[in-house]
Amino acid sequence: MGMDVIVIGAGYAGLLAANRMARHARVLLIDRRDKAVDRIRLHQLVAGTRHVDKVACPLRTRLHRRADLARGEVVDVSPGRVHLADGREFQAQHIVLACGHGVARPGSLDSLEAALTLRDALSRLRSGTVEVIGAGLTGIETATEIAAARPDLTVSLVHRDLPDLAPRAMTQLTTRLGQLRIELTEQSRGGDLTIDATGPDPEPLTRGLTVDPFLRILRDGQPQPGLWGAGDAVRVAGRDWLHRGCASAMPMGATVADAVLASLAGQAPKPLDFGYDKRLLSLGRGVGSHESLNPDGTPTGRTVTGRMGAAAKELISRAAWLVPARLPHLYGPAMWARGPR
């Protein structure tokens, strides 16, 4: 089956890239699952504050009608070819790896299946302790969402260092943890339910994968013809301020789509030009923070907290679900901050 482009992975970057290119090229999207998942909502699914139908839906309904879809586990990629575990092989001029950072572990928040298992286990608890391991933004949001929704449970957050938030956001965080009686501890002591928010295991297909500023995959420092990468699957050479998450994945998805289309047209691609301008944190329904950031991700000190912060978080979260499927062609450099200069 010859295509113009194969996109591997239907996350924020992969889905946006596939839909953005489908109007102009023959595109095949490959994913191991048949559902699109709004991963930034999984902690709400676990806490029971959001229904599964609002977190996941059939992938075909999110994909452009002109794009093809195949479900399978990709085991090998080479220029022009993609091999699946079931023996199928697909061919294309260009291949985009956007299959995410890694593989979910049991008890983690890194897949729909794992989150559903945690939701069911949490719903069966009538008392006891829920331990959340990892105090990054995901861990904090998970602990506060559960504590706010289930005051009958004791929630502990295992951490070594809290995120480097702006002073006003940090003050709100520590106050909120106290209000919800969330215990901070540096060592895991176990609980009736343990939730791993430390991130997934490395994805074998993309372990150590690096791309250049044009998002071309590098091997021995040289770009590989027709191989591209985007999202959590890759590290961008020379862009050390970038970190994983939908905030950077979506601009990378748009950039790689435009780069591939330019290459198909015999034109020179443009490099990724992205910097951060905000950091959003939810602390349970109705409480949150919106921090303004410098392009390299450091806080500027300007912060909105409370209900306004929560409203900003909700607005951006809805956009992250809407744009890749409904507005991929409108999403471009004018909608995100430029990188550090």
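# Packing and Salt Bridges in a Predicted Model

Visitor: Which residues does H64 touch, not counting residues up to four places away in sequence?

Guide: This is a predicted model, in which local features need pLDDT of at least 70, side-chain atom pairs count only at pLDDT 80 or more, and totals for chains, interfaces and linings use all residues. Residues are numbered from 1 along each chain as its sequence is written, and side-chain values use heavy atoms, with hydrogens and water left out. Contact means heavy atoms within 4.5 Å. Not counting residues up to four places away in sequence, the residues that H64 touches are N19, A22 and R23.

Visitor: Is H64 buried or exposed?

Guide: H64 has its place in the loop between β4 (56-58) and β5 (68-71); helices (H or I, at least four residues) and strands (E, at least two) are DSSP runs, numbered from the N terminus. Buried means under 20% relative accessible area, exposed over 50%, and partly exposed in between (1.4 Å probe, protein chains only). Because its relative accessibility is 17%, H64 counts as buried.

Visitor: How many residues of α1 are buried?

Guide: The buried residues of α1 include Y12, L15, L16 and N19. Its buried residues pack against β1 (2-8), β2 (27-31), β3 (35-37), α6 (246-264) and α7. Helix α1 is largely enclosed by the rest of the structure, because the number of its residues that are buried is 10 of the 10.

Visitor: Are α1 and α7 roughly parallel or roughly antiparallel to each other?

Guide: Axes are lines fitted to C-alpha atoms, for helices over the stretch in contact, and angles run from 0 to 180 degrees between N-to-C directions. Helix α1 (residues 12-21) packs with α7 at an angle of about 30°, the axes lying 7 Å apart. Angles under 35 degrees count as roughly parallel, over 145 as roughly antiparallel, 65 to 115 as roughly perpendicular and the rest as oblique. The relation of α1 to α7 is therefore roughly parallel.

Visitor: Which residues of α1 and α7 make the contact?

Guide: The packing in question has an angle of about 30° and axes 7 Å apart. On the α1 side the contact is made by Y12, L15, L16 and N19, and on the α7 side by A320, V323, P324 and A325.

Visitor: How many residues apart in sequence are the parts that R33 and E113 tie together?

Guide: A salt bridge is a side-chain nitrogen of Lys or Arg within 4 Å of a carboxyl oxygen of Asp or Glu, and the whole structure holds 23 of them. R33 and E113 form one through their side chains, at 3.1 Å from N to O. Since R33 lies in the loop between β2 and β3 and E113 in helix α3 (residues 112-124), the pair ties together parts whose separation in sequence, in residues, is 80.

Visitor: What is the sequence separation, in residues, of the parts tied together by E314 and R41?

Guide: Both E314 and R41 are buried. Their salt bridge has its closest N and O atoms 2.9 Å apart. Because E314 lies in helix α7 and R41 in the loop between β3 and α2 (42-47), the separation in residues is 273.

Visitor: How does R181 count, buried or exposed?

Guide: R181 also has a positive phi, near 55°. R181 is in the loop between α5 (167-179) and β12 (183-185). With a relative accessibility of 59%, R181 counts as exposed.

Visitor: How far apart in space are L84 and R341, C-alpha to C-alpha?

Guide: L84 is found in strand β7 (residues 81-84) and counts as buried at 4% relative accessibility. L84 and R341 are 257 residues apart in sequence, and their separation in space, C-alpha to C-alpha, is 42 Å.
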